[in-house]
Amino acid sequence: MKHLHWKTIVAGALLAAASGSMLRAQQTVPDLILTNGRIITVDERFTIAQAVALKGERFVAVGTNQEIAGLAGPNTKKIDLRGRAVVPGMIDNHMHLMRGGETWTEEVRLDGIDSRKQAVEMLRAKVRAASPSQWIYTLGGWTHHQFADDKKAFSREELDEIAPNNPMALQEAYYRTYLNSRAIQALGLDKMTETWIGRDGAGKPTGIIEEQGTRIIAAKIPPPSRQTFEASTLAMIKDFNRAGLTAVGSAGCPNDQMEVYRRLHRQGQLNLRVFCIVSFPAGNPQQIDTVLPQIAQLKLFQGDEYLNTTVYGEQVYQPVNDNMLNVHPDTKPQDWVQLGRVLREVAKARLPLHVHATLTASIEGFVDQIEQVDKEYPIRNLRWTLIHLDQITASQIERMKKLGMYTAVHTRPTIMGGIFNEIHGERSYSMPPLKMVQDSGITWGFGTDTTVVNQFRPFTTLY
C-alpha cells in the first residue's frame, strides 16, 4: 500500500534498516534497547530485525540482539520483548481530535466494547460515581450493532433503571440518541414539536432522537468546564497512545484549544503529533466573497514536527456537504459552481486540500469542479485529497489519478456497518471499496473520522 503524502511524519522517521546490518549514530549510548523481538522497520524491503536502540526521541540503531546489546551503557534500560512485535506509531489521517478532548473524561466511551453487558456495567459505574442530577452521556464512537452478546437498542425504560436519578443520553454516532425520562424532562421534549423526536401512540416522547436531532440534543447537554480541557485531552491522548496512535490529522483546531496544545508541547507532555486541517466557513456566495481573500493569505507549515497546520479542509462550502445517512442530498447545480470558486482560490494559492465527500454523486461533483480548476491552476503535486469516499467508483479513481490526487479512506463501517446496511442495502458490503482502491494504484491511506462517527483504535481499522 502506498502511504498518505503529508501525514507520513513518524516519530524518528522509523529505522532506515538494511538487511543483516546495523545503523549506528556516532556510537551513541542509548537510553533504551529492545531485544529478542520482531522489529517491523517498514523500510523499502520491509525488514524485520531482532533488536533496536533508542536515544531520546530517535532510533539510533537496529540489528541483531548481539549487536544492539553491545551498545548498552550502565544506565541503559533494557527490555526483553520475548518475541513480541514492535511497529511504527500509527497515523490516523483524519479525526476530530480537539472536539473529542472537550468531553473525553466526562463521557462513557464505548469504543471497542463488544459486550452490551459490559457497556451497561460501565454506565452503572458512571452513575454510581456521579452527583445527583449530573448528566451521564456518551457522544458517539459506538453503535448497538457492535455488541456481540446482544444487539438490542436501548430503551427509555432500561435507561431509567440504570440511571433513575440522573439524566442520561447515549448518542449512537450521528444516527440516534437514546434518552431516559430524566433527560426528556431536563430537555423539555414534551413541549417540543420537532419531527425527529420519537413518540408513542399517545404522543409522548419515547426517548429516541433521530439523526436530524442528534447534534441539537448534544448541544443542550451542559458542557464541562473549560478548565477540564487539558486534563481530559491528556487522558484522551494516553488512550490513543495505548492503542498505537502517535500522529493524527485534526479536523478543526480552534485557537483557544491550540494554545493548550502548544503549552503541552512546550512542557514535553504532547505525546501525539497533531497536523491541523483548517478552513474558513462559507455557507453562501456572499460568505465566499469574504473567504477568498483569507484563503489567498493563509500560510501553512508555520509549526514544527509535533504541532503544525498542514492542509485546507475538511468542509470548504457547506451546501455541498453530504451525509451517508441521507441518500438524497439537496445540493443544487449552482452550489457546485460556488464550490468551484473556493477550489480555484485554493489552487491559485498553491495549498494542499483535504475535503469531505462520501456519496457517489458528491464525489462526482467534486471531481468535475477539480478538473475545471486544474485547467487554469494545475493541482498535481499540491497533494489534493478527497476523504471518506464510502461510495467512490473505479472511474472516479481513474480521473483522480490523472489529476495527481490522493484518497483518504475512512472505515466508519467498523461501527456503522449495520446502520449503512439498513440505509444502503447490498452496496454497504463494499463501502468503502477497499480492494478497488488498493488495486487502482492511487496513493491512499487510512483514517477513522473518530470521535463521533467511529471508534479510534487503528488495529481495529486495519483488521
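Strand 10 (residues 168-172) is largely enclosed by the rest of the structure, because five of its five residues are buried (under 20% relative accessible area with a 1.4 Å probe, protein chains only; exposed means over 50%, partly exposed in between). Strands here are DSSP runs of E with at least two residues, helices are runs of H or I with at least four, and both are numbered from the N terminus. This is a predicted model, in which local features need pLDDT of at least 70, side-chain atom pairs count only at pLDDT 80 or more, and totals for chains, interfaces and linings use all residues. Residues are numbered from 1 along each chain as its sequence is written, and side-chain values use heavy atoms, with hydrogens and water left out.

Both faces of strand 10 are covered: Met168, Leu170 and Glu172 are buried on one side, Ala169 and Gln171 on the other. Strand 10 pairs with strand 9 (residues 136-139) in the parallel sense over four bridges; pairing requires at least two DSSP bridges between two strands. Met168 is the bridge partner of Ile136. From strand 9 the chain passes through helix 4 (residues 156-162) to strand 10, a right-handed β-α-β crossover (with the strands pointing away from the viewer, the path from the first strand over the helix to the second runs clockwise).

Strand 11 (residues 176-179) runs antiparallel to strand 10 and is joined to it by four bridges. Thr177 in strand 11 stands opposite Gln171. The two strands form a hairpin with three residues between them, and Ala173 in the turn has a positive phi of about 50°.

Elsewhere, Phe46 lies in the loop between strand 2 (38-40) and strand 3 (48-49). Phe46 counts as partly exposed because its relative accessibility is 49%.
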